[in-house]
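Here is a short tour of one protein model, written to be read with the coordinates open. Have a look at the structure below, and then we will go through it topic by topic.

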Amino acid sequence: DRLEKERSDCKFVYLTHDLDFAVTRNAQKCWIRRFVHPKYWDIMPIEGSDIPEELLMRILGSRKKILFCEGTKDSFDVKFFEILFPDYTITPAGSCEEVISYTRAFNGYSNRLANAYGIIDRDVRPQSQLDAFKADSIFSYDVAEIENLFMVEDFLKAFVQYCHFELQLDMTALKQKVIEAFRPQI
């Protein structure tokens, strides 16, 4: 900042992998989409988008498919989807509205290298709305929230097996404990 202020008569070109630095510059941003030694540069400007610039810069060059999900980088959703979808770049977007918006915006970005998908909680959405989202590569599971998957017997058995837990599941007893835990809130 100080150098730019002192030499306002100059133009600066920054070449960086430090995205935190890049987003602090108030300037036209470009993405080096491809470089072939010694002098082939495929440089694309990063235009405005419904996706925040920092997030767009983090995922634009991904060659993996992008999966936008609800939550934050430390949320259960991200950890869960990293296990389920190891071939995807898992990208938390906050709310379901942002997942929908970012998925549509990213797939509308012509210079991307990968496709994006969104996965949202079902909440109380009607099936007709969920079916309409599929046209935009946005999907949901058959339970209201991701945590509810742990009440689906087949899922729970697969999860226990995935984690290599050495335990026998008594699903009847487990279901009863959950019902008892929620009884005061019914």
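Leaving aside neighbours within four places in sequence, which residues is T103 in contact with? They are F68, A116, Y117, G118, D136, S137 and I138, where contact means heavy atoms within 4.5 Å.

Please keep in mind that this is a predicted model, in which local features need pLDDT of at least 70, side-chain atom pairs count only at pLDDT 80 or more, and totals for chains, interfaces and linings use all residues. Residues are numbered from 1 along each chain as its sequence is written, and side-chain values use heavy atoms, with hydrogens and water left out.

**Around T103**
- T103 sits in helix α5, residues 96–108 (helices are DSSP runs of H or I, at least four residues; strands are runs of E, at least two; both are numbered from the N terminus).
- With a relative accessible area of 0%, T103 is buried (under 20%; exposed is over 50%, partly exposed in between; 1.4 Å probe, protein chains only).

**Nonpolar cores**
- The largest nonpolar core has 23 residues, of which I46, L60, F68, F106 and I120 touch the most other members (a core is a set of buried Ala, Val, Leu, Ile, Met, Phe, Trp, Tyr and Cys residues joined through side-chain atoms within 4.5 Å).
- Helix α5 gives the most to this core, with 5 residues.
- A second, separate core of 16 residues includes F81, I119, L149 and F155.

**Cysteines**
- Searching the whole structure turns up 0 disulfides (pairs of cysteine sulfur atoms within 2.5 Å).
- C96 is buried at 9% relative accessibility, and its sulfur is too far for a bond because the closest cysteine sulfur, in C69, is 12 Å away.
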